[in-house]
Amino acid sequence: MLYVDIEKKLDSFTLKASFKVDGEVTALFGPSGAGKSITLKCIAGIEKPDSGVIQLNGRTLFDSSQHIDLQPQKRKVGYLFQEYALFPNMTVNGNIEAGMRTLKKSDRIAKTAELTERFRLNGLEDKRPSTLSGGEQQRVALARMFASQPEVILLDEPFASLDILLKAELIPYIKDIINNFGGESILVSHDVDEVLTMCERVTEIASGVTERTVTTEEFKSKMKVIYERAGLDIGRFNDHER
Amino acid sequence: MDLFPLFNSLRIAAISAVIVFFVGIAAAYYIAKTPRVIKGILDVIFTLPLVLPPTVVGYLLLLLLGPKRPVGEFFLEKLNVRLTMQWWSAVFAVSVVVLPLMYRTARGAFERFDENLASAGRTLGLSNSYIFWRIRLPYCRQGIIAGAVLSFARALGEYGATSMIAGYTPGKTATVSTAVYQLWRTGNDELAIKWVLINIAISAVVLLCVNLLERTDRRRG
């Protein structure tokens with residue numbers, strides 16, 4: 001279980017994120033600049049909250065009152081960056097192996113082969129990230145993230161830089177991967193369709209403040225009302241099934 | 001033609017370039033992480049030799065390293081080593097004058113680095129030193145190499161501070177730049193022009209290397 005209750009003063013607002021994720025896929029839903037990515041960065045240890053607590057499966061990752069602030073290296077948090085953040089000077093295999101530096105070389109090679117197979121990267125092993133398509137880059141980033149054996153995975157707008165056709169192809173694929181992961185997953189998104197298709201629970205965030213976490217059904221009803229009021233097409237709210 | 005000045009200039013420039021390579025990179029990396037006010041102050045200190053007349057740098061170094069000054073006196077009395085008027089004394093002068101070039105070029109290269117790569121590395125469990133040597137430096141490689149080559153070129157031509165701290169002794173401390181001055185002063189134009197041409201040729205080749213590196217860097221985006 002991931003428990004987050006943090007505050008951090010930012011330039012335009014104070015981030016007040018409070019929610020928990022227990023085995024399910026949770027969406028952190030909100031408009032651009034609402035504080036979604038910074039929340040993920042606080043969980044991963046890339047940014048430091050001013051105060052609060054972050055716990056993961058009984059381990060305290062951050063607790064301001066006890067002066068605990070685990071390094072990102074020790075948190076076991078997998079992070080899929082928006083632009084994937086693949087190491088440009090390393091090959092596909094080099095990137096994947098970077099996620100498991102602590103393993104013995106023979107284990108690393110075996111695990112890399114397994115991940116290459118699982119993420120359909122065969123034939124791309126020796127290529128540099130800059131020569132790959134957006135979808136291939138995303139699969140490398142996913143393989144690298146899983147190589148580090150995270151306990152929770154954070155996906156920061158994973159489809160934001162992909163065109164609509166590729167996105168349509170990748171959504172079911174990534175949904176499968178997340179469902180097979182078994183641990184906690186947080187998907188940051190400002191896209192209602194993505195959230196309804198991929199997530200079980202939704203935590204909305206606006207101006208840095210999170211609301212009560214709701215089920216996707218509740219979220220769907222709320223969105224339907226908002227869309228109806230705005231005179232938008234509500235067909236989408238009848239089609240989604242998880 | 002005695003080629004000692006060329007040999008001496010090359011070794012002084014090479015040693016100084018190696019020193020400022022490491023000091024400049026470390027300064028650029030660590031200063032970028034300091035709070036804004038301290039960063040501003042350190043940035044001025046590390047850039048100052050770029051705008052100060054080299055003679056001022058030489059004078060300040062003499063105040064520190066001269067045989068009757070604190071550091072110079074200590075080395076002379078305790079270790080019987082005179083820090084000035086040796087061929088290697090020029091390394092102090094050249095390193096200080098050239099350091100801003102390496103520091104600012106490395107800083108520029110580091111500023112273009114995508115910090116998400118370092119963050120990704122940390123979430124993957126990579127150590128900070130691994131991230132620095134295997135991800136950050138390779139990413140900034142072209143800019144850093146260009147800085148090192150530029151530093152070497154500038155080191156090769158340093159005159160003001162070098163002449164004050166190492167002087168001009170033929171066969172001992174003479175460099176290309178101090179030799180040119182001495183040859184002109186003594187009316188030996190024929191030899192002076194030879195050294196001038198050698199200096200221009202070396203500098204042109206070095207600058208050509210810098211341009212090539214920068215072009216590769218831009219292409220890489």
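How many helices and strands are there in chain B? Chain B holds eleven helices and zero strands, where helices (H or I, at least four residues) and strands (E, at least two) are DSSP runs numbered from the N terminus. Read from the N terminus on, its elements run α-α-α-α-α-α-α-α-α-α-α. Along the principal axes, the C-alpha atoms of chain B fill a box of roughly 65 × 45 × 25 Å.

The model is a predicted one, in which local features need pLDDT of at least 70 and side-chain atom pairs count only at pLDDT 80 or more, while totals for chains, interfaces and linings use all residues. Residues are numbered from 1 along each chain as its sequence is written, chains are lettered from A and ligands numbered from 1 in the order in which they are written, and side-chain values use heavy atoms, with hydrogens and water left out.

Within chain B, helix α2 (residues 36–51) packs against helix α5 (residues 89–111) at an angle of about 125°, their axes lying 6 Å apart. Here axes are lines fitted to C-alpha atoms, for helices over the stretch in contact, and angles run from 0 to 180 degrees between N-to-C directions. That angle makes α2(B) oblique to α5(B) (under 35 degrees counts as roughly parallel, over 145 as roughly antiparallel, 65 to 115 as roughly perpendicular and the rest as oblique). The contact (heavy atoms within 4.5 Å) involves residues of α2(B) including F46(B) and L50(B), and residues of α5(B) including V97(B) and R104(B). By class, this contact has nine nonpolar, one polar and three charged residues; Ala, Val, Leu, Ile, Met, Phe, Trp, Tyr, Cys and Pro count as nonpolar, Asp, Glu, Lys and Arg as charged, and the others, Gly among them, as polar.

Turning to chain A, helix α3 (residues 105–118) and helix α4 (residues 134–147) pack at about 140°, with axes 10 Å apart. α3(A) and α4(A) are therefore oblique to each other. On the α3(A) side, K111(A), L115(A) and R118(A) meet A143(A), F146(A) and A147(A) of α4(A).

Between the two chains, 17 residues of chain B are in contact with 20 residues of chain A. About 1600 Å² is buried there, 66% of it from carbon and sulfur atoms; buried area is the accessible area (1.4 Å probe) that two parts lose on being put together, summed over both. In chain B, R122(B), T123(B) and L124(B) lose the most area to chain A, together 37% of what that side buries.
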